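Subject: Structure handover

Hello,

Here is the structure for your files.

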Amino acid sequence: MRKRGRKLLATGLAGAMTASMLLTGCSGGSSSSGTTAANTSGEAAESGETTGEETTAASAEDDIEKPEQINILVNGNVFTLDNGRDEFEKRWEELTGIDLVITQPDHDAYNDVLGQTFASGPENWPDVVILSSAYYTGYAEEGALWDMTDAWENSDLKASGRYKGEEILEKLKLDGRLYGFAHENSKGCITYVKQSWLDNCGLDVPTNYEEYLEMLDAFTNGDPDGNGIDGDTYGVSAAGYIAPEAPWTMYLPEFYQGATVDFTKDENGQWVDGFTQDNMKETLQRMREAYEAGYMDPETLTNGTSDCRNKFWEDKFGVFTYWSGTWGTTLSTTLEANGLSGDLVALPPIEELGNYVAKLPNVMAITSSCKNPEGVFKYFIESMLDGGDMQLLWTYGVEGTHWSTEAETVCGNSYEAGEFHGLESLETPGTQYQKGYIDPLLSLGEWVEEDPGRAFLPEFTKESQEIFDANSVTLDLIPSTEAMATYNGDLMTLKRSIVADIVTQGLSIEDGYQRFVDEGGQEWSDIIVDSLNQ
């Protein structure tokens, strides 16, 4: 793969690729060493006759030096301090005998802290980072990530045949090389609607945009929460009119209806800037009309995802597009913990939308400054899908902290001895843990025996994931070009500003797009499109 130097790293790569985010501080933690050996994928694999290729892979892995310490930079998808991170860290060290040092910024500020960390110089880089697809290509192209292609090809996990994500890894390859590893399948957001609000307003589940708007109107101007007051709620809220990362349209899909602010391919297979297409202008018209009608949370522009969750749980709005699967049940059970109805509808895409958008999964990547990348790959990244104890830790957490098989009652649910179940959430009392970093419904690693928690997963978790999987398409990686790296950060910042002014400040769509031209957006866009089509 071509290397174009460290230009972006010196200026803050994350900010150069996407819009800048609110800057907050970074909290870290370190831990002591454990005592037992790692339970790697090779140890978990079923015994049997091995081929020459498997023997070669095993021999190569046997020669890999075991790290004494691994430093990781992770987001809130890994257990946070409030959610038992210390216990998670201790258990990981018990399984490996390696000192794990975790730096974990606030979830909403993670990408910003990530950019600062890379910009500070290789001497300050951790061994492992979590990256979304929006950042993965840029960091890989700039030489900040270690090429793990050979490590994967020679791994025990690949030889075991238990890994189900070969197609995902192919999508993640850049010029045929792999720089990040996926432990989960593609995932995305689905729209949840409060059934009690539909019932109180005498409405059916919407199937098209006209019915969707009728629902928003009733939720905004009627009394959907049944408190006897009309007009003290609103229909929908989101963490921005443009999401913080790709897919940029994922939090307001019913308004976008297939349009995008990002680069996409047209019907001829040529790259275009979705922001400049007619369907994006139609999206802005729909958003502005909904905002002016009061259907949208007026704080949508500045909301973080945690703000939206809290407002949803406080019964301030009724339509929330958020992650499918386990998050659906978390939304439901937290409503119930707050004394509200937890009956939610996982909405199939309305007619004009057609499909939800799935993002390529986040990856674990090893930085190019890591002193022992082969060891980190084997003992950290590969071991996460060992099919046994380590996979259990990353999928469900720590026994006694996040899950249990004791006979007991948790959050009103009774369990017999030996029955796997999640314990009450430390961060959100009244709800039970369903997963850790790896979502069991999306895991790309088969268990050596069976998934111990599969039977515990609530039906709504499975239902929302099944509806999403049946009605979604996965985005492809957008190549990282020098033009993209140079201009796209400023371009996305300008796009966000124009969208905000059109939707919330009354700027006409025509004047908004004239501003796009006057402030250099069209020029930057054309340069990027040309580079993508070369």
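The notes below go from the whole chain to single residues.

Please keep in mind that this is a predicted model.

Overall

The fold contains 22 helices and 17 strands. Of the 534 residues, 57% are buried. Counting contacts between residues at least 6 apart in sequence, 75% are between residues at least 24 apart. The protein exposes about 21300 Å², and 43% of that area comes from carbon and sulfur atoms.

Surface charge

Asp204, Glu210, Glu211, Glu214, Asp217, Glu351 and Glu352 together form a negative surface patch. One of them, Glu210, is in helix 12, which covers residues 209-221. Glu210 has a relative accessible area of 63%; the cut-off for exposed is over 50%, so Glu210 counts as exposed.

The loop between strand 6 and helix 13

This loop, between strand 6 (234-236) and helix 13 (253-256), holds Pro247. The peptide bond that leads from Ala246 to Pro247 is cis, with omega near -5°. Ala246 is in the loop between strand 6 and helix 13 as well, and Ala246 is buried at 11% relative accessibility. Leaving aside residues up to four places away in sequence, Ala246 touches Ala134 and Lys359.

Other salt bridges

The structure holds 17 salt bridges. Arg177 pairs with Asp147, and their closest N and O atoms are 2.8 Å apart. Arg177 is partly exposed, with a relative accessible area of 27%. Asp147 is partly exposed too, at 24%.

Glu184 and Lys187 form another salt bridge, with an N to O distance of 3.3 Å. Glu184 is buried at a relative accessible area of 8%, and Lys187 is buried at 18%.

Backbone angles

Two residues other than glycine with positive phi may be worth a look on screen. Asp175 has a phi of about 50° and is not a glycine. Asp175 is placed in the loop between helix 10 (166-172) and strand 5 (187-194). Its relative accessible area is 58%, so Asp175 is exposed. Gln257 likewise has a positive phi, near 50°. Gln257 is found in the loop between helix 13 and strand 7 (263-265).

Regards

How values were computed. Residues numbered from 1 in each chain as written. Predicted model: local features only at pLDDT ≥ 70, side-chain atom pairs only at ≥ 80, totals over all residues. Heavy atoms only, no water. Helix = DSSP H or I, 4+ residues; strand = E, 2+ residues; numbered from the N terminus. Buried < 20%, exposed > 50% of the residue type's maximum accessible area, 1.4 Å probe, protein only. Contact = heavy atoms within 4.5 Å. Areas by Shrake-Rupley, 256 points an atom, 1.4 Å probe, with all protein chains shown as cover. Patch = residues over 30% accessible without salt bridge, like charges linked within 9 Å, V, L, I, M, F, W, Y side chains within 5 Å. Salt bridge = Lys/Arg side-chain N within 4 Å of Asp/Glu carboxyl O. Lys, Arg positive; Asp, Glu negative; His and termini not counted. Charge placed at Lys NZ, Arg CZ, Asp CG, Glu CD.
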